[in-house]
2 protein chains.
Amino acid sequence: MAATETLTAERILQATEEVLRRHGPAKATVVDVARALGVSHGSVYRHFRTKAALREAVTKRWLDRTSEALDGIAGDGSRDPETRLRDWLAALFTAKRRKAGDDPELFATYSVLAGEQVGAVAEHIDELTEQVTRIVADGVAAGVFHSEDPAVSARAVFQATGRFHDPAYAGEWDRGEADADFAAAVDLLLRGLRA
Amino acid sequence: MAATETLTAERILQATEEVLRRHGPAKATVVDVARALGVSHGSVYRHFRTKAALREAVTKRWLDRTSEALDGIAGDGSRDPETRLRDWLAALFTAKRRKAGDDPELFATYSVLAGEQVGAVAEHIDELTEQVTRIVADGVAAGVFHSEDPAVSARAVFQATGRFHDPAYAGEWDRGEADADFAAAVDLLLRGLRA
DNA sequence: CGAATGACAGATTTCAATATCTGTCATTCG
DNA sequence: CGAATGACAGATATTGAAATCTGTCATTCG
């Protein structure tokens with residue numbers, strides 16, 4: 001964190017993540033971030049108008065990491081839609097479960113941030129739902145799925161699997177039934193989608 | 001609340017509900033309950049060993065009211081299983097939404113209690129899932145549903161509709177999309193269940 | 001001149017003293 | 001005699017004064 005480098009939004013975001021990791025969401029202050037960077041807090045306010053804006057930017061970053069990883073699966077037109085949807089849902093569940101399990105405190109921290117940044121989360125969910133819509137639409141085009149409206153079906157699939165990606169349920173992802181429940185949910189939903 | 005009546009568990013539960021309604025979950029104390037009844041708090045402890053036990057009893061009562069209302073629909077063998085399942089899910093959603101909308105503070109209070117009483121909630125969920133299992137099993141018997149294991153399918157249906165009954169989502173039940181989302185979810189799940 | 005500072009007002013958080021609560025039990029009451 | 005009480009120890013919650021934080025802006029620095 002050499003104070004010699006120019007102060008950029010990017011460096012501030014990195015420092016903010018570090019402070020959040022160390023202090024948690026409640027105790028992470030703008031002053032802490034400035035301290036970590038060796039600058040005055042006034043300088044941070046030059047790049048982010050408010051603390052909320054800074055938190056939102058950090059949250060967006062974190063959410064985007066998930067979206068990008070899944071986009072590859074959703075966009076892979078070479079594989080059949082049913083497998084792709086199964087893989088996509090499994091990848092989402094696995095990624096969330098891993099994050100929650102590996103570093104529960106950091107996951108909890110970001111869950112709190114997500115709760116604050118309703119707008120950013122809504123956008124993220126829209127992105128993910130859009131990915132599912134693409135898979136469903138491909139399936140309809142290929143004649144393997146039935147759907148009046150792929151966007152509506154995708155939304156239903158995404159919401160119905162909420163238990164396996166919504167942080168509110170993170171506590172249940174460790175329990176033994178989780179995998180069986182997930183398999184049952186996916187099987188039922190895919191039966192519902194099949195032409 | 002005449003102090004002349006004998007002190008029964010039932011009277012204590014009624015007083016506790018009243019105190020919870022007035023003070024909310026954080027500020028409702030055993031001393032408050034005793035005060036409301038015009039007795040010493042020691043007397044309350046004669047009927048409930050701990051404050052947690054008292055809260056659990058109140059929570060169970062509240063949860064049971066929901067279960068009973070739905071049991072009638074689940075058990076009505078005269079109607080076809082698909083309609084029954086649709087009605088059951090709609091009744092659950094409507095009941096929850098009405099409670100949350102009519103008296104948001106009381107609903108929030110009971111949601112907090114439910115969060116404390118994980119055991120009681122688990123039992124309640126088992127009861128509800130059992131009701132769905134009955135409907136699914138009837139459907140399989142009648143040849144209108146397909147399911148390897150009605151209990152597993154019922155669990156999947158119940159969990160997949162969590163967004164429409166889990167208090168964690170109460171904030172979204174008012175939003176305009178809720179009804180369309182619910183309809184889409186139920187349609188997709190029923191397509192998945194049909195033989 | 002634009003980037004960074006730090007003093008400032010008002011809002012929020014922390015902390016320690018104080019008050020209240022939980023759960024027990026020897027005693028009282030009817 | 002069984003039901004109810006209230007004093008008590010330890011745990012928890014409330015309170016208000018002091019410390020810290022947020023966001024602004026006139027001033028300094030390079």
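Trainee: Which residues does S67(A) touch, leaving out those up to four places away in sequence?
Mentor: H124(A), E127(A) and L128(A). Keep in mind that this is a predicted model.

Trainee: Which helix holds S67(A)?
Mentor: S67(A) belongs to α4 of chain A.

Trainee: Let's step back. What is chain A built from?
Mentor: Nine helices and zero strands. From the N terminus the order is α-α-α-α-α-α-α-α-α.

Trainee: What are the dimensions of chain A?
Mentor: The C-alpha trace spans about 60 × 35 × 25 Å along its principal axes. Chain A has 195 residues, and 33% of them are buried. Of the contacts in chain A with a separation of 6 or more, 67% join residues 24 or more positions apart.

Trainee: Now the records. What does UniProt list for residues 6-66 of chain A?
Mentor: An unreviewed entry gives "domain: HTH tetR-type" there. In the model, residues 6-66 of chain A are 82% helix and 0% strand. The end C-alpha atoms of that span are 29 Å apart.

Trainee: And which residues does UniProt give for "DNA-binding region"?
Mentor: Residues 29-48 of chain A, again from an unreviewed entry. That span is 75% helix and 0% strand, and its end C-alpha atoms lie 13 Å apart.

Trainee: How does the surface near DNA strand D split by class?
Mentor: Six nonpolar, eight polar and five charged. The surface near DNA strand C also has six nonpolar, eight polar and five charged residues.

Trainee: Back to α2(A). Which of its residues are buried?
Mentor: V33(A), A34(A) and L37(A). They lie on the same side of α2(A), because they cover an arc of only 100° around the axis.

Trainee: Why would residues a few places apart line up like that?
Mentor: An α-helix has 3.6 residues a turn, so residues three or four places apart point the same way.

Trainee: What do the buried residues of α2(A) pack against?
Mentor: α1 (9-27) and α3 of chain A. G38(A) follows α2(A), and its phi is positive, near 70°.

Trainee: Next, the chain contact. How many residues does each chain put in?
Mentor: Chain A gives 16 residues and chain B gives 16 residues. On the chain A side, α8 (150-160) and α9 (177-193) each supply at least two. α9(A) gives the most, with seven residues. By class, the chain A side has eight nonpolar, four polar and four charged residues.

Trainee: What rotation superposes chain A on chain B?
Mentor: One of 180°, with 0.0 Å of shift along its axis and an RMSD of 0.0 Å. That is the relation of a two-fold axis. In chain A, G192(A) has the C-alpha nearest the axis, 1.8 Å from it.

Trainee: Last one. Where does P104(B) sit?
Mentor: In helix α6 (residues 104-116) of chain B. P104(B) is partly exposed, with 14 other C-beta atoms within 10 Å. The C-alpha atoms of P104(B) and G171(B) are separated by 9.9 Å, though the two are 67 residues apart along the chain.

Conventions:
Residues numbered from 1 in each chain as written. Chains lettered and ligands numbered in written order. Predicted model: local features only at pLDDT ≥ 70, side-chain atom pairs only at ≥ 80, totals over all residues. Nonpolar A, V, L, I, M, F, W, Y, C, P; charged D, E, K, R; others polar. Buried ≥ 20, exposed ≤ 12 C-beta atoms within 10 Å, placed from the backbone. Helix = DSSP H or I, 4+ residues; strand = E, 2+ residues; numbered from the N terminus. Arc of directions from axis to C-beta. Contact = placed C-beta atoms within 7 Å. UniProt positions renumbered as here; feature names shortened; annotations may be inferred. Least-squares fit on C-alpha atoms with pLDDT ≥ 70 in both.
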